[in-house]
Amino acid sequence: MKKWNFGFVMIGLAFLISILVLSCQTDETDEYSQQAVDVTAADLFIASEAYQNLEKEIGKDMRRERNAISKLSKEDLEQYRLLRKGILNVETRTEAITQLKILTGYDYQANRDRISSLVRDVFKDVNFTKLELMRARQKSRMCKVVITRTDTNAELREKCKNDCDETTKEDIIACHNHFNENIKDLPASEFPDGESYKFWVKVRDACISAAQREEENCKKNCDKSYPDEE
């Protein structure tokens, strides 16, 4: 009975996404009309409640970290930057994480591990390629784009920064996925203090740090592209 119920849900999702894809492809004047695109397993996955909730949870975690950093003084901010570098060094990692938690109140280790676990649960049954996932994300983004000709620079800047956030979420998911793929076959003796496990944790954190740097640069470019209007 459960299988039938799941089948009906998938059929329903496919129908809804087909409508969304068509509606995203044609505006009121048909100026942006395109050919219909078949709904794929990756499209259904991106539209699923589990994936949407994952993105929301990553968004919440990003905001928690930003809020913690925003409260730091200039002196504390410099110490924060040094400690973030310390996370990427195996010899200083443990102490850096401890000091960062004291400094910011944000537990980097616990939150990284928590998100990795969430990503692992959501992606455990997927059977499509990374390219298919990327295309599904692109289609999903197109559906969220609202074409207007009266946006102010402030509105365009906000949309630009929202797009930076979406890209960062995708990059962070990719970091956690890469981490999960590389630890899944490690022996139980490696968890949580084995050298191989700690190596992949370091790779994961370096990947997330790179994604966050890209986000900062992306938002700076938004400010340059859409300055305040006089």
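Biologist: What share of the contacts in the chain with a separation of 6 or more comes from residues 24 or more positions apart?

Modeller: Such residues account for 71% of those contacts, a contact being heavy atoms within 4.5 Å. Please note that this is a predicted model, in which local features need pLDDT of at least 70 and side-chain atom pairs count only at pLDDT 80 or more, while totals for chains, interfaces and linings use all residues. Residues are numbered from 1 along each chain as its sequence is written, and side-chain values use heavy atoms, with hydrogens and water left out.

Biologist: How many helices and strands are there in the chain?

Modeller: The chain has nine helices and zero strands. These elements are DSSP runs numbered from the N terminus: H or I of at least four residues for helices, E of at least two for strands. Of the 230 residues, 33% are buried; buried means under 20% relative accessible area, exposed over 50%, and partly exposed in between, with a 1.4 Å probe and protein chains only.

Biologist: How is a pair of aromatic rings described?

Modeller: One gives the distance of the centres and the angle of the planes. Rings of Phe, Tyr and Trp (its six-membered ring) pair if their centres lie within 6.5 Å; planes under 30 degrees apart are stacked, over 60 edge-to-face, and the rest tilted. The whole structure holds eight aromatic pairs. Tyr-51 belongs to helix α3 (residues 49-70) and Phe-123 to helix α6 (residues 108-123), so the pair ties together parts that are 72 residues apart in sequence.

Biologist: Are Tyr-51 and Phe-123 buried or exposed?

Modeller: Tyr-51 is buried, at 1% relative accessibility, and Phe-123 is buried as well, at 10%. Together with Phe-45 and Phe-128, Tyr-51 and Phe-123 form one aromatic cluster.

Biologist: Why do residues three or four places apart in an α-helix point the same way?

Modeller: They do so because an α-helix has 3.6 residues a turn. In α6, the buried residues include Tyr-108, Arg-112, Ile-115, Val-119 and Phe-123. Viewed down the axis of α6, its buried residues fall within an arc of 135°, so they line one face of the helix; the arc is that of the directions from the helix axis to the C-beta atoms.
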